[in-house]
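Q: I would like to learn how to read a model feature by feature. Could we take it step by step, with the structure in view?

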Amino acid sequence: MGFTNMGKFSILLMIGMMWCWASIAEAEYMLYKDPKQPQSVRINDLMKRMTLEEKIGQMTQIERSVASKEVMKKYFIGSVLSGGGSVPSKQATPETWINMVNDFQTGSLSTRLGIPYIYGIDAVHGHNNVYNATIFPHNVGLGVTRDPALVKKIGAATALEVRATGIQYAFAPCIAVCRDPRWGRCYESYSEDTEIVRLMTEIIPGLQGEITDDSKLGAPFVNGQQKIAACAKHYLGDGGTHLGTNEGNTILDSKKLFGIHMPAYNDSVIKGVATIMTSYSSWNGLKMHANRNLVTGYLKNKLKFKGFVISDWQGIDRITDPPHANYTYSILSGINAGIDMFMIPYNYTEFIDGLTYLVKNKFVPMSRIDDAVERILRVKFTMGLFENPLADSSMTKYLGHQEHRDLAREAVRKTLVLLKNGKSSTKPLLPLPKRASKILVAGSHANNIGYQCGGWTIEWQGVSGNVTHGTTILSAVQKAVDPNTQVIYNENPNQDYLKSNSFDFAIIVVGEPPYAETFGDNSNLTIHEPGPSTIKNVCGSVKCVVVLITGRPVVVQPFVDTIDALVAAWLPGTEGQGVTDVLFGDYGFTGKLARTWFKSVDQLPMNVGDPHYDPLYPFGFGLTTDPTKTT
């Protein structure tokens with residue numbers, strides 16, 4: 001009896017010891033969960049544990065409208081995004097955003113390995129999808145400033161506002177070199193000049209943090225929970241397409257492609273950019289989403305980029321014409337080109353099944369899958385996502401923060417370009433006096449935040465109306481002038497109205513309606529009616545300054561002689577007081593064109609240095625004024 005009990009005790013002791021040993025071994029085995037381990041050890045340990053299903057899940061990015069914590073868990077989804085205008089609810093608060101982001105994350109964390117997902121969004125001029133965010137000037141204006149320190153500050157402010165909603169990843173900056181303003185995305189480009197675009201890559205350390213001295217060349221860098229992963233886009237040559245056609249064909253020899261369009265990517269990689277997005281466009285007929293030589297051969301192998309390459313929205317679908325005609329071929333072409341994460345965004349089961357089939361049937365080697373997953377995990381470990389997977393609700397205070405609005409107002413001031421000041425150089429109209437009897441403010445864009453901000457604001461295409469918090473130019477005028485100055489607003493006054501009133505001067509604000517991507521492709525580049533009619537009527541009767549709200553140079557030569565003063569304000573964003581700060585002389589005009597202003601669209605494409613260069617206003621042009629104390 002005693003022997004039997006002793007035998008039972010020994011067996012129980014052995015079982016207990018084995019359980020302890022197993023627990024210790026398991027604890028040691030979970031190296032990827034230990035932040036003290038070198039990153040490479042964590043990545044290798046995690047990848048050894050992952051199944052093919054889990055790896056392909058990491059490579060899949062889906063739209064928030066089809067995501068849920070159940071989907072995240074079932075398919076091991078690696079990333080979720082908001083498409084343009086895709087929000088959890090109309091005018092959603094930061095708390096609503098955070099709840100959605102965290103809900104999806106609980107699904108990811110409940111998987112076998114608990115790999116957190118990353119949420120991406122188009123924060124391309126501030127956190128522009130989100131109600132009440134600070135909307136900064138679009139890149140076309142920022143290029144005018146030639147001020148890398150300014151864009152770095154804008155990057156830092158944007159990162160805080162993005163984090164305020166729980167999001168950790170922005171599809172920005174666009175480092176396209178727009179060579180033809182007929183392109184619908186030209187306002188997303190800083191300049192036609194490669195060197196200005198290179199300067200503006202300083203937004204990357206603003207978004208991500210400044211790389212440290214011990215950073216390895218090409219390694220992604222994101223410095224803590226107040227920074228976000230950035231995305232340099234669209235690789236490569238998106239701004240050089242024939243006739244400025246969106247998603248078109250860039251017809252260039254390699255010397256010009258690499259000389260004009262590549263340098264900013266080299267700079268971005270050196271600055272630790274976490275991700276790079278491939279372009280819809282083609283180079284000499286080959287789709288960039290299928291260009292192995294440029295994606296793998298040059299970007300990954302030559303430039304030593306170690307972050308991940310992401311497709312554009314349904315980017316692999318568009319490898320074929322019509323899109324999605326042979327999805328298996330598209331998946332194969334994209335993966336073999338070197339794309340690591342795929343912005344699906346809806347038909348994720350079709351993608352997962354298709355890629356699984358291609359791997360299991362040896363069309364895609366496991367080494368290619370492992371390369372993609374290693375890069376995705378490297379970015380996630382670098383960001384600290386494994387240690388801090390859930391959003392910090394204490395950061396909601398940063399959305400629309402007054403310091404950010406002040407920064408945006410400063411940026412607006414520096415983006416303005418004075419193209420004309422007075423019908424004779426001896427009689428300048430600007431700066432305007434704050435004290436006057438009666439001022440007319442006219443034009444379709446004078447009292448419209450949506451028009452002021454342009455595309456990629458609240459909605460993908462942008463929208464008309466006062467759709468988010470901000471200051472219209474009309475409101476800014478009313479705030480700027482002396483209390484005894486009467487400000488009259490009439491959007492499109494007729495001759496009788498103008499004759500029956502006695503205005504000291506008029507401020508006319510006209511331009512383009514909002515647009516994005518292909519919807520913005522435009523072969524005539526005229527100001528939309530009633531803009532030209534408003535200019536003709538008002539400037540024919542009253543001393544006038546015309547403020548242009550456009551994403552690019554437009555046709556102005558037919559009426560420039562009738563205008564007393566002409567200001568290019570581009571797409572200034574929510575802080576309209578930046579415009580009036582300069583109009584009324586609190587600050588001087590300093591901006592210099594970062595784009596050539598053509599006389600006629602028949603001249604296009606025309607860029608500085610071209611043999612046929614004959615602009616209305618040349619690259620680098622911009623009149624200046626001194627600040628003045630107006631009375």
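A: Gladly. Let us begin with Gln91, which sits in the loop between strand 2 (79-82) and helix 5 (94-109); helices (H or I, at least four residues) and strands (E, at least two) are DSSP runs, numbered from the N terminus. This is a predicted model, where local features need pLDDT of at least 70, side-chain atom pairs count only at pLDDT 80 or more, and totals for chains, interfaces and linings use all residues. Residues are numbered from 1 along each chain as its sequence is written, and side-chain values use heavy atoms, leaving out hydrogens and water.

Q: What is the phi of Gln91?

A: Most residues other than glycine have a negative phi, and most peptide bonds are trans. Gln91 is not a glycine, yet its phi is positive, at about 55 degrees.

Q: Which peptide bonds are cis?

A: The bond from Ala172 to Pro173 is cis, with omega near 10 degrees. Pro173 belongs to the loop between strand 4 (169-170) and helix 8 (194-200). The bond from Asp321 to Pro322 is also cis, with omega near 0 degrees, and Pro322 is in the loop between strand 10 (308-310) and helix 13 (327-337).

Q: How is the chain divided into domains?

A: Domain 1 covers 46-398 and domain 2 covers 416-617; the bounds come from an automatic or database domain assignment. Their C-alpha centres are 34 Å apart. Residues 51-379 are 40% helix and 10% strand, with end C-alpha atoms 20 Å apart. For residues 416-624 the figures are 16% helix and 15% strand, with the end C-alpha atoms 10 Å apart.

Q: How much area do domain 1 and domain 2 bury between them?

A: The size of an interface is often given as the accessible area lost when the parts come together. Here domain 1 and domain 2 bury about 3200 Å², 51% of it on carbon and sulfur atoms; this is the accessible area (1.4 Å probe) that two parts lose on being put together, summed over both. In contact (heavy atoms within 4.5 Å) are 41 residues of domain 1 and 41 residues of domain 2.

Q: How many salt bridges are there between domain 1 and domain 2?

A: Side chains of opposite charge can pair when their charged atoms come close. The count between the domains is two salt bridges, each a side-chain nitrogen of Lys or Arg within 4 Å of a carboxyl oxygen of Asp or Glu. Glu192 and Arg595 form a salt bridge at 4.0 Å, N to O. On the side of domain 1 that touches domain 2, helix 6 (residues 139-145) gives the most, with four residues.

Q: And how many salt bridges are in the whole structure?

A: A search of the whole structure finds 31. One of the salt bridges joins Asp371 and Lys300 (3.1 Å, N to O). Asp371 is in helix 15 (residues 366-383) and Lys300 in helix 12 (residues 292-302), so this pair ties together parts 71 residues apart in sequence.
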